[in-house]
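Hi everyone, thanks for coming along. Let me put the sequence and the model up on the screen, and then we can walk through it together.

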Amino acid sequence: MRISRTRTATGLAISALALGTLPAWAAPSEAVAPTAPPYAASAPVAGATRQIPLQGAVNVRDVGGYRTYDGERVREGRVFRADGLSKLTDADLGTVAGLGLKKVIDFRVPAEVQYDGADRLPAGLSPTSRPITDNGLFTQLLTAIGSKDPVKQEEMLGNGKAAAFMRDVYRTFVTDSGNRAQFAATLRDIADSRSPLLYHCTSGKDRTGWTTYLLLRLVGVPERTAAGDYLASNTYRAAYDAKLREALKQGGLMQNPDLIIPLQEVRADYLDTALTEATQRYGGFQGYLTKGLGLDTGTILRLRGRLVG
């Protein structure tokens with residue numbers, strides 16, 4: 001019985017880390033209200049809706065509200081980005097229902113869904129599974145944290161190894177044909193949808209962050225602003241992620257939970273890694289969109305027509 005309980009506790013903590021959520025015993029008693037992102041370049045126009053405040057998720061945002069190069073604005077209420085939706089409360093479901101969503105796309109791989117649970121959504125709405133590989137991140141965490149061995153954890157995650165692993169994850173956004181197909185399908189869905197759409201992964205920062213960066217650049221949002229939206233996940237997730245590190249330490253799973261900070265954060269060099277890979281393989285960002293993702297001019301025009309005005 002003791003072995004079973006230990007495995008269960010370890011599994012919950014590991015899944016919490018890998019999935020960006022907290023085990024029940026360490027969850028905050030109330031939602032953490034993030035501060036505004038500290039960079040004017042990424043601020044939306046006045047009156048634009050940004051974060052969708054929920055109790056069971058911390059990184060849910062409207063993609064709209066940004067200015068484009070030509071002074072137009074990305075419409076609000078059309079596309080939403082999110083972290084995990086499996087822990088939404090009844091009150092959250094009412095808020096999500098008010099968004100008018102007709103499609104929810106889930107980028108999580110099966111192992112994530114198994115540990116964290118299926119999306120909890122308003123009645124009549126079911127997720128579209130569109131898994132994008134984590135490049136073995138879940139297994140990496142399972143091995144490191146499950147060992148409870150600080151030496152092994154240092155060997156696997158220390159000395160820049162965790163950040164290097166994340167850069168490898170971002171390379172797969174460009175190099176992996178399956179990943180490219182999933183990103184492309186999502187962008188086509190947005191272009192062709194007449195109703196609000198939401199896509200998400202677990203923490204709402206990497207797969208979701210890259211998708212949003214692509215989308216904003218495609219419709220004419222300046223690169224600096226698109227990058228600011230990507231980096232804003234650090235602001236929205238900061239308090240929650242710090243609570244998770246403390247839970248891992250208090251639970252006896254890690255002596256130095258700061259080893260996982262590179263896995264919890266988004267960083268400019270992660271984004272730059274994907275963009276550099278796109279240049280090397282496809283001649284640049286535009287080549288990645290057209291050759292790598294197979295997006296034609298019609299799709300790009302439909303995206304802009306639907307989202308900008």
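One aromatic cluster here is formed by F107, Y170, F173, F183, Y199, W210, Y213, Y230, Y270, Y282, F285 and Y288. Before we look inside it, a word on where this comes from: the model is predicted, so local features need pLDDT of at least 70 and side-chain atom pairs count only at pLDDT 80 or more, while totals for chains, interfaces and linings use all residues. Residues are numbered from 1 along each chain as its sequence is written, and side-chain values use heavy atoms, with hydrogens and water left out.

What makes an aromatic pair? Rings of Phe, Tyr and Trp (for Trp, its six-membered ring) pair if their centres lie within 6.5 Å; planes under 30 degrees apart count as stacked, over 60 as edge-to-face, and the rest as tilted. By this rule the count comes to 11 aromatic pairs. One of them joins F107 and Y199, a tilted pair with 6.0 Å centre to centre and 35 degrees between the planes. F107 lies in the loop between β3 and α3, and Y199 in strand β5 (residues 197-200), so this pair ties together parts that are 92 residues apart in sequence. When I say helix or strand, I mean DSSP runs numbered from the N terminus: helices are H or I with at least four residues, strands are E with at least two.

Are F107 and Y199 buried or exposed? Both are buried. Buried means under 20% relative accessible area, exposed means over 50%, and partly exposed is in between, using a 1.4 Å probe and protein chains only.

Now look at Y170 and F173. Their ring centres are 4.9 Å apart and their planes are at 55 degrees, so this pair is tilted. Both residues lie in helix α6, three residues apart, about one turn of the helix.

Before we leave the rings, find R217, which lies over the face of F285, 4.3 Å from the ring centre. The rule for that is NZ of Lys or CZ of Arg within 6 Å of the ring centre and within 35 degrees of the ring normal.

By contrast, R171 is partly exposed at 31%, and D168 is partly exposed at 34%. R171 and D168 form a salt bridge, their closest N and O atoms being 2.6 Å apart. A salt bridge, by the way, is a side-chain nitrogen of Lys or Arg within 4 Å of a carboxyl oxygen of Asp or Glu.

What about the nonpolar core? That term means a set of buried Ala, Val, Leu, Ile, Met, Phe, Trp, Tyr and Cys residues joined through side-chain atoms within 4.5 Å. The largest has 63 residues, and those with the most contacts inside it are L157, Y199, W210, L215, Y288 and L293. Helix α6 gives the most to this core, with eight residues. Apart from it lies another core of 16 residues, among them I52, A57, A82 and L85.

Back to charges: how many salt bridges does the structure hold? It holds 23. In one of them, the side chains of K87 and D116 meet at 2.8 Å, N to O. K87 lies in the loop between β2 (79-82) and α2 (90-97) and D116 in helix α3, so the pair ties together parts that are 29 residues apart in sequence. K87 is partly exposed at 42%, whereas D116 counts as buried at 7%. Both belong to a network of salt bridges linking K87, D106, R108, D116 and D119.

D189 lies in helix α7 (residues 177-192) and K103 in strand β3 (residues 103-106), so the pair ties together parts that are 86 residues apart in sequence.
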